[in-house]
Amino acid sequence: MKRINTILILMLMVTGGVFLAGCTSQEDTEEVPDVSTLNIGYQPSTHQLAYMTAKEKGWWEEDLAPYGVENVREYEFPTGAPEMQSMLAGDLDVAYVGAAPFVATLASDLDAKIVAAANSQGSDLVLRPDITYEGPDDLKGLDIATFPPGTIQDTILRNWLKDNGIDPDNDVDIKAMGPGDAISAISAGQVDAVFLPHPAPTLIAEEGNGRSVVYSGEMLPDHVCCVVVVSGDLIRNHPDLVTEIVKTHIKGTEYSNENQDEVAQLYADRQGWDVDVIRASLEDWDGQLIADPTIIAESTVDYAQIQYELGYVNEEFTRADMFDMSFYEQATAE
């Protein structure tokens, strides 16, 4: 009897051990589910042509399918502020956005990093045809429409005005507007000037409603504008997918630079613009489509400092706080 009891106890111990081992093994090997739907935010300016080119060519779906992505959903935003709020809420996985609104939202505990550059420069200060301009002092007393506080355009404009001895809060009236509203406002004579990204300045000029008097590259030489931001969740749990996202972005950037006429037509068809305006804009602007994040790292740190000095953020951010260069390095090494 004792022998039988001993055997039963041993059998129970072995069975229990196997069960526990099975549970431990299952937990240790549990995989993070694939990302079946990728949500990408962008803005409808030529600064983000790389995204739009890759989308129209079908590269996002094609390149990301091997990583489990079945659907790429895009969300268009008028400016970077609402786009970053959407990412902060967890609604976006990837964002093509200005570096400044990214920094502003980072101060609100956004869990994301810049993984690639998208463009540098590419915005113009446009004045109505009847307003004389010989220098920044001529702007005193004028109404200027630009993107909302915390965006690239607002940050550059205010900093440039201050550098030229003009109080952006008292010497001019800066009105926050999206691109469509700002174009309509200067066309209707409701504002004296606008500071907008391309292709808006060219459209305003083509319609005879204004002229570019200062390029953003003159205000802040070689400044970063748009960047590619990826959520912390993707970075931690799907690093291979993030590397492929960067590869597709690089491909879209290179193709856009090498096939300017074609991508001008793609943009015009997609956004409902006159293709001649888009071609003229790409000839006129001082912008560059780029992908290498090391090119814009120093400028982005400068933005963060400017925003801190303007009181838009209450902390100073370092390069490490804002960037993860490893995915671009992997994308270009393979």
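Predicted model: local features only at pLDDT ≥ 70, side-chain atom pairs only at ≥ 80, totals over all residues.

Residues are numbered from 1 along each chain as its sequence is written, and side-chain values use heavy atoms, with hydrogens and water left out.

The chain is divided into these two domains, domain 1 (35-120 + 222-330) and domain 2 (121-217), with bounds that come from an automatic or database domain assignment. Their C-alpha centres lie 24 Å apart. Across the boundary, 34 residues of domain 1 are in contact with 30 residues of domain 2, contact meaning heavy atoms within 4.5 Å. The area buried between domain 1 and domain 2 (the accessible area, with a 1.4 Å probe, that two parts lose on being put together, summed over both) is about 2400 Å², and carbon and sulfur atoms give 66% of this area. On the domain 1 side, His 223, Asp 286 and Tyr 312 lose the most area to domain 2, together 24% of what that side buries. The count of salt bridges between the domains is 0, a salt bridge being a side-chain nitrogen of Lys or Arg within 4 Å of a carboxyl oxygen of Asp or Glu.

The largest pocket has a volume of about 280 Å³. Of the 25 residues that line this pocket, Pro 44, Ser 45, Phe 147, Pro 179 and Pro 197 are the closest to its centre. On a 1 Å grid over the protein atoms alone, a pocket is an open set of points where a 1.4 Å probe fits, with protein on both sides within 12 Å along at least five of seven lines, and lining residues have an atom within 4 Å of a point; grid points are joined across faces, edges and corners, and the volume is the space filled by probe spheres set on the points. Helices α6 (152-163), α7 (179-187) and α12 (260-271) each supply at least two residues of the lining, and α7 gives the most, with 3 residues; helices (H or I, at least four residues) and strands (E, at least two) are DSSP runs, numbered from the N terminus.

Turning to the backbone, the peptide bond from His 198 to Pro 199 is cis, with omega near 15°, and Pro 199 lies in the loop between β9 (193-197) and α8 (200-206).
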